[in-house]
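Below is a briefing on one structure, arranged by topic.

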Number of protein chains: 2
Amino acid sequence: MPTTSAFEQSLRGAALRVTQPRLAVLTAVHEHPHADTDTIIRVARAGLGDVSHQAVYDVLRVLTAAGLVRRIEPSGSVARYEGRTGDNHHHVVCRSCGAIADVDCAVGDTPCLTAANDQGFTIDEAEVVYWGTCPTCSTTRST
Amino acid sequence: MPTTSAFEQSLRGAALRVTQPRLAVLTAVHEHPHADTDTIIRVARAGLGDVSHQAVYDVLRVLTAAGLVRRIEPSGSVARYEGRTGDNHHHVVCRSCGAIADVDCAVGDTPCLTAANDQGFTIDEAEVVYWGTCPTCSTTRST
DNA sequence: GCCCTCATCTTGACTCATTCCAGAAAGCCG
DNA sequence: CGGCTTTCTGGAATGAGTCAAGATGAGGGC
């Protein structure tokens, strides 16, 4: 995982001020991949003592806009954030417990980016969500 | 578009009772592809006179569970519903105006269903969302 | 055709993630 | 170090979606 100073460089590189809440949120996102906002707030508070939820929401939005974190929103779930950016990876979501895991695409770095019929749209990103059952839920299935 | 009697048969086929709200919602979903809940409520009311939002929510959930309608939730948008089911198609979403259009997959009927590394998950569906700009927004772009 | 039963609809209140607002505090640059 | 600007705090508001209890009406049996 990146160090605090690495996070500082990331922030400065994005022309953002380096503040305690931002470092805490950035750290929390990297420590807890796919964490929801509430988890991030709690983790950030564990590291800083106290942070307003408003600050966390604001920081997450700023970081998302700067491309330092990625926002994912599976259907039926609250917004989640992850630190892995740059590489084009997708997600598997468990229908049973909601767990999320990263997957690389089978086709390449831009899978299915060429739709059969793009309806005149200018497509710049393809987001893929796989739905299934995680190993834990598959094992403990109650039949 | 299917007729009312066709919707009735669909409902009966799914072992669901045929009621006015259900026919109205089913019609609304087919008339307005990718409509959000609020739109569906208004369209259903235009046809029936008055329907509680609760009934619409309930009907949509039942129809989704029965596979008669499909629920889609692009990030940053409210839930939307469409009547096209059965065929495996995906969606393009305009980053600018939020417009949604259907696209068939370039690869086949189950694109990218084989992830490079499935993390032990049992994947049963791949949902693809293309992000881009619609023709209208591309044309009227303000430099 | 009539009645009974239970799924379904109505009404109304409520939850909870997220956003908005205004003021106070702190980081950055010179 | 001082000033300016951005960011953080705290509280309240918004709005999609959900929960609960009672009334209604669709379907099936007689």
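**Surfaces near the DNA strands**

Of the 21 residues around DNA strand D, those that come nearest are A:Pro21, A:Ser52, A:Ala55, B:Val18 and B:Ala79; a residue is near a molecule or strand if its C-beta atom, placed from the backbone, lies within 6 Å of it. The model is predicted: local features need pLDDT of at least 70, side-chain atom pairs count only at pLDDT 80 or more, and totals for chains, interfaces and linings use all residues. Residues are numbered from 1 along each chain as its sequence is written, while chains are lettered from A and ligands numbered from 1 in the order in which they are written.

*DNA strand D*
- At least two residues each are supplied to this surface by α2 (20-31) and α4 of chain A, together with α3 and α4 of chain B; helices (H or I, at least four residues) and strands (E, at least two) are DSSP runs, numbered from the N terminus.
- With four residues, α4(A) gives the most to the surface near DNA strand D.
- That surface divides into nine nonpolar, six polar and six charged residues, where Ala, Val, Leu, Ile, Met, Phe, Trp, Tyr, Cys and Pro count as nonpolar, Asp, Glu, Lys and Arg as charged, and the others, Gly among them, as polar.

*DNA strand C*
- DNA strand C is surrounded by 22 residues, and the closest are A:Thr37, A:Ala79, B:Ser52, B:Gln54 and B:Ala55.
- Two or more residues of this surface come from each of α3 (37-48) and α4 (53-66) of chain A, and α2 and α4 (53-66) of chain B.
- α4(B) provides the largest share, four residues.
- The classes here are nine nonpolar, seven polar and six charged.

**Helix packing in chain B**

*α2(B) with α3(B)*
- The axes of α2 (residues 20-31) and α3 (residues 37-48) of chain B come within 9 Å and cross at roughly 125°; axes are lines fitted to C-alpha atoms, for helices over the stretch in contact, and angles run from 0 to 180 degrees between N-to-C directions.
- α2(B) is therefore oblique to α3(B) (angles under 35 degrees count as roughly parallel, over 145 as roughly antiparallel, 65 to 115 as roughly perpendicular and the rest as oblique).
- The contact involves residues of α2(B), including B:Ala24 and B:Ala28, and residues of α3(B), including B:Ile40 and B:Ala44; two residues are in contact if their C-beta atoms, placed from the backbone, lie within 7 Å.
- Nine residues of this contact are nonpolar, three polar and one charged.

*α3(B) with α4(B)*
- The axes of α3(B) and α4(B) come within 10 Å and cross at roughly 115°.
- α3(B) is therefore roughly perpendicular to α4(B).
- B:Thr37, B:Ile40, B:Ile41 and B:Ala44 of α3(B) meet B:His53, B:Val56, B:Tyr57 and B:Leu60 of α4(B).
- This contact has six nonpolar, two polar and no charged residues.

**Strand pairing**

- β6(A) and β6 (residues 122-133) of chain B run antiparallel, joined by eleven bridges; two strands pair if DSSP finds at least two bridges between them.
- Across this pairing, A:Thr122 stands opposite B:Thr133, and A:Glu125 has B:Trp131 as its bridge partner.
- In chain A, β4 (residues 89-94) pairs with β6 (residues 122-133) in the parallel sense over four bridges, and A:His91 stands opposite A:Val129.
- In chain B, β4 (residues 89-94) and β6(B) run parallel and are joined by four bridges; B:Cys94 stands opposite B:Gly132.
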